[in-house]
Amino acid sequence: IAAKLDEYKSVPDDEIQAVEFFLPAGTIEGEIIIPKTRCFVNLVGAGNKQGVISTTIKGGVKLEGADCDLILIHLVGAGKDNETWGAGLPNAAVYGSGEGIQRYCILEGYYCAVSSEDRSSWAANHSVFLDNHIGIRMMGLDGGNLQMLDNWFVRNDIVVQVDKCPLAALE
């Protein structure tokens, strides 16, 4: 992924490049890292053309300064009571510095399914959050766009947790 995104470093600042990565059918174990980029990244699960989910990630996606949408992927965590994986990685489907939308995904068994360290523009459309401690955790700082459309939250302890939010935003 990093090598492909590196090809777009010379794109002018006034252009936004979208790059899609089509994941294989089956199970991917571990962490996928999306490095800092000016590109907009899509991770698309196999079965996209048929409208079925046939890609599973047992682990998570770490954003290191990227915008990334996840499409038709089943993400499976280490259980909602475990804050980390055995290697000390956060038990989160998506985390780090960045933002994006989960579309037609299942996010299951995470301590925190979607965790944003710096932005409030996380959203989910047509996705299922199943058996997580926290569905979406975010900051309410510096604006953002929390777009939620046709999602199911099933057996989550907390649906949306906002860690910081200016008082003016609550008026």
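Which residue's side chain does Lys4 meet in a salt bridge? Glu7 is the partner, at 3.4 Å from N to O. By salt bridge I mean a side-chain nitrogen of Lys or Arg within 4 Å of a carboxyl oxygen of Asp or Glu. Lys4 is partly exposed, at 34% relative accessible area, and Glu7 is exposed, at 52%. For those words, buried is under 20% relative accessible area, exposed is over 50%, and partly exposed lies in between, with a 1.4 Å probe and protein chains only.

Hello everyone, and a quick word on what we are looking at. This is a predicted model, where local features need pLDDT of at least 70 and side-chain atom pairs count only at pLDDT 80 or more, while totals for chains, interfaces and linings use all residues. Residues are numbered from 1 along each chain as its sequence is written, and side-chain values use heavy atoms, with hydrogens and water left out.

Now the overall picture. The chain holds one helix and 14 strands; these are DSSP runs numbered from the N terminus, H or I of at least four residues for helices and E of at least two for strands. It has 171 residues, and 44% of them count as buried. Take the contacts, meaning heavy atoms within 4.5 Å, with a separation of 6 or more: 54% of them join residues 24 or more positions apart. The accessible surface comes to about 8700 Å², with 52% belonging to carbon and sulfur atoms; areas are from the Shrake-Rupley method with a 1.4 Å probe, and for residues only the protein chains shown count as cover.

Let's go inside. The largest nonpolar core has 29 residues, and those with the most contacts inside it include Ile34, Val61, Leu70 and Leu107. Such a core is a set of buried Ala, Val, Leu, Ile, Met, Phe, Trp, Tyr and Cys residues joined through side-chain atoms within 4.5 Å. Several strands supply at least two residues each, among them S1 (18-22), S2 (26-34), S4 (55-71) and S11 (134-138). S4 gives the most, with six residues.

Please find Leu70 on your screens. Leaving out residues up to four places away in sequence, Leu70 touches Leu43, Val61, Leu75, Val94, Ile101, Gln102, Arg103 and Cys105.

Arg103 comes back in a salt bridge with Asp69, where the closest N and O atoms are 2.5 Å apart. That pair links distant parts of the chain, with Asp69 in strand S4 and Arg103 in strand S6 (residues 94-103), 34 residues apart. Asp69 is buried at 4% relative accessible area, whereas Arg103 is partly exposed at 27%.

The whole structure has five salt bridges, and one more deserves a look. Asp157 and Lys80 meet through their side chains at 3.1 Å, N to O. They sit 77 residues apart, Asp157 in the loop between S13 (152-154) and S14, and Lys80 in the loop between S5 (74-76) and S6. Asp157 is partly exposed at 44%, and so is Lys80 at 23%.

Last stop, the surface. Which residues form the nonpolar patch there? They are Met148, Val159, Val160 and Val162, with about 270 Å² of accessible area together. Patch residues have over 30% relative accessible area and no salt bridge; like charges are joined within 9 Å, and nonpolar side chains (Val, Leu, Ile, Met, Phe, Trp, Tyr) within 5 Å. Strand S14 (residues 158-162) gives the most to this patch, with three residues. Met148 is found in strand S12 (residues 148-149) and is partly exposed, at 33%. Thanks, everyone!
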